[in-house]
Structures are given as C-alpha cells and as structure tokens.
Amino acid sequence: MNLKQLEYALAVADSGSFTRAAERCHVVQSALSHQVARLEAQLGVSLFERSSRRVRLTPAGEAFVLSARPAVAAARRVAEDVAAACGQVRGRLSIGEISSLTALDLVDLLAVFHQRYPDVDVRWLNAKSELLLADVCERRLDVGFIGLWPGEVLHGVQHRLLAREELVAVLPPAHALAGKAQLALAELADEVLVDFPEGTGARRQTDEAFQAAGLRHRVQFEIGHIRLVEKFVQRSMAVGLVPERIARGFKDVVMVPLVDAPVRHLYAVWSASPTPAARAFLDVMEQSLPST
C-alpha cells in the first residue's frame with residue numbers, strides 16, 4: 001500500500017462518497033476507485049459497504065480509519081518537520097471558524113501569516129462548533145475557532161479563550177418591544193424565535209439561559225448560518241438572539257440589550273502536537289491579541 005491509497009480511502013470515509021472524495025482529492029473518480037480497490041485487495045478486506053445512495057464503513061473500515069489517519073498525518077509531517085528544523089515553514093494549514101466569529105478578523109490574521117510564511121497552503125472552512133471541535137480532535141483540522149456556552153468543558157485539545165460575549169435581541173422595527181431600552185428573557189418567552197438547530201453549541205447558549213431563568217421558549221425557525229437571522233427578523237417572521245458585534249452589522253432591524261443575556265465564550269482550539277505551520281499561525285494569532 002502507498003500513502004496516496006491511504007489518503008483516497010480516508011477521503012471516501014470522511015465524505016461518504018467516491019464522487020465527493022475524488023473532487024476533494026482533485027482526481028478522476030475512476031482512478032480513486034481503482035486505488036481504493038487495490039488497497040482493499042492488499043488488505044484482504046472490504047473497507048466500504050457500497051450502495052446507490054451512500055458509502056458506509058465496514059467494521060474493518062472503521063479499524064482502518066483509526067490506524068490510517070495518524071499514519072497519514074505523520075507521513076505528511078516528515079517534510080514539514082525537516083523544513084522547520086532548517087528554519088522554513090511550509091506545508092498546509094487547515095483552519096475552521098463558526099459563522100459568527102467576532103473575536104478577531106481571520107482575513108487580517110492570514111494576511112500577516114501569509115506575508116511571513118508564503119510557502120504554506122491554507123484551507124479555510126466554516127462549520128458549527130461541535131464539528132470543528134471534532135475535526136481538531138481527529139486531526140482533520142489544525143486550528144478551530146468556536147463558540148461555547150460558559151458551562152461547557154473542552155477535552156482533548158489545547159485552547160485559548162478569545163472573548164466572552166453577551167447576546168442581544170434583534171427585532172423588526174415595528175415590533176411592540178423594539179422601542180424598549182432593554183429587555184428580559186421573560187419578555188421574549190412567548191415570541192417566535194429563529195436560532196441554530198437544537199443540540200448545537202450555538203443553540204445551547206440560548207437554551208441554557210432560558211432554562212436557568214425557568215422559562216420556556218419557542219424556536220420555530222432553525223437555520224444554519226448567522227446571517228439568516230437578519231433575513232428572518234427583517235421580514236418580521238421571528239426575533240433573534242445574536243452577539244452584539246454581529247447585530248451591529250445587521251440592517252433594518254432593531255438591537256435591544258438583555259438584562260439577563262445568554263453568554264458565549266469564543267475559543268481557539270488546536271491539537272497537543274501542532275504542525276510547524278499551525279505553530280507559526282498560533283504565534284501570529286497570539287501576537288495579534290491584546291495582552292492579558
């Protein structure tokens with residue numbers, strides 16, 4: 001077996017599709033499928049259950065992923081570690097952020113990083129906090145920027161608290177509560193709310209706050225991106241709860257502070273053994289943050 005075969009098989013495992021895996025690896029599907037079949041023949045097992053709808057890991061495939069992922073990561077790091085020992089930082093940096101990140105500007109941060117380390121290729125994605133955290137834990141991602149409710153504990157990663165933010169209410173201008181100087185959660189308990197899906201880290205901030213106040217609340221619209229809150233509120237379909245810095249960027253809505261506001265903590269998270277590129281990026285990030 002060779003490294004490319006391991007990479008192809010892991011891409012299929014991660015995407016659940018030979019087509020998407022081929023796109024991710026920038027190779028034609030027939031070539032990727034052929035290499036995965038050769039790998040299965042060498043191992044003497046089937047790694048995937050193939051159907052017309054989805055590709056699933058077999059028990060042997062699950063064992064393969066557990067062993068192959070750190071092996072591929074270690075192989076990729078050989079050249080990077082050697083280069084770093086000679087004073088060069090190169091390779092790939094994978095970072096991910098939530099859609100409502102406000103603690104820093106990643107574009108500005110990457111501009112500084114790229115100027116210092118132009119040989120590093122950057123992969124940047126947006127996802128929910130729980131997915132980013134899982135990707136960092138499983139080393140699919142070098143650095144993640146996530147938001148958590150204050151009571152949540154981070155395990156299996158190194159982390160840096162970036163900010164503590166209170167959420168504010170955003171309402172349609174014609175809403176009966178829009179003229180108030182401040183609101184309590186109790187005044188929103190009977191309102192139709194727009195929020196992230198139940199069970200996500202972003203949703204827990206509001207759920208925990210209402211629960212702590214002994215209140216029920218109704219989320220009628222579940223969305224996947226923070227900017228959709230603005231659209232639902234603009235159309236008078238719902239009331240939203242978002243970080244103040246996000247609310248200030250919304251148009252045609254009214255922002256009202258909350259006396260018992262939900263709180264979120266923003267973190268940078270990374271593995272205990274970052275790549276040279278990740279270490280360099282974290283140094284640039286640290287230099288950009290105010291000293292504590």
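**Note on the predicted model**

1. Leu43 counts as partly exposed, at 36% relative accessibility. The residue lies in helix H3, residues 29-43. Together with Met1 and Val45, Leu43 makes a nonpolar surface patch of about 260 Å². Keep in mind that this is a predicted model.

2. Glu40 pairs with Arg50, and the closest N and O atoms are 2.9 Å apart. Glu40 sits in H3 and Arg50 in strand S1 (residues 48-50), so the pair ties together parts that are ten residues apart in sequence. Glu40 is buried, with a relative accessible area of 9%. Arg50 is partly exposed at 45%.

3. Now strand S3, residues 91-97. Five of its seven residues are buried, so the strand is largely enclosed by the rest of the structure. S3 pairs with strand S4 (residues 120-126) in the parallel sense, over seven bridges. Within that pairing, Leu93 has Val122 of S4 as its bridge partner. S3 also pairs with strand S5 (residues 143-148), again in the parallel sense. Here there are three bridges. Gly96 has Gly144 of S5 as its bridge partner.

4. What handedness does the β-α-β unit of S3, helix H5 and S4 have? The unit is right-handed, and H5 covers residues 106-116.

5. Salt bridges number 16 in the structure. One of them joins Glu165 and Arg264, at 2.8 Å from N to O. Glu165 lies in strand S6 (residues 158-171) and Arg264 in strand S11 (residues 263-270), so this pair ties together parts that are 99 residues apart in sequence. Are the two side chains' residues buried or exposed? Glu165 is buried, with a relative accessible area of 8%. Arg264 is buried as well, at 2%.

6. Some salt bridges share partners. They join Asp14, Arg24, Arg69, Asp135, Glu138 and Arg140 into one network. Within this group, Asp135 forms a salt bridge with Arg140, the closest N and O atoms being 2.8 Å apart. Asp135 is buried, with a relative accessible area of 18%. Arg140 counts as partly exposed at 25%.

Conventions
Residues are numbered from 1 along each chain as its sequence is written. This is a predicted model: local features need pLDDT of at least 70, side-chain atom pairs count only at pLDDT 80 or more; totals for chains, interfaces and linings use all residues. Side-chain values use heavy atoms; hydrogens and water are left out. Buried means under 20% relative accessible area, exposed over 50%, partly exposed in between (1.4 Å probe, protein chains only). Helices (H or I, at least four residues) and strands (E, at least two) are DSSP runs, numbered from the N terminus. Two strands pair if DSSP finds at least two bridges between them. A crossover is right-handed if, with the strands pointing away from the viewer, the path from the first strand over the helix to the second runs clockwise. Patches are made of residues with over 30% relative accessible area and no salt bridge: like charges are joined within 9 Å, nonpolar side chains (Val, Leu, Ile, Met, Phe, Trp, Tyr) within 5 Å. Accessible areas come from the Shrake-Rupley method with a 1.4 Å probe; for residues, only the protein chains shown count as cover. A salt bridge is a side-chain nitrogen of Lys or Arg within 4 Å of a carboxyl oxygen of Asp or Glu.
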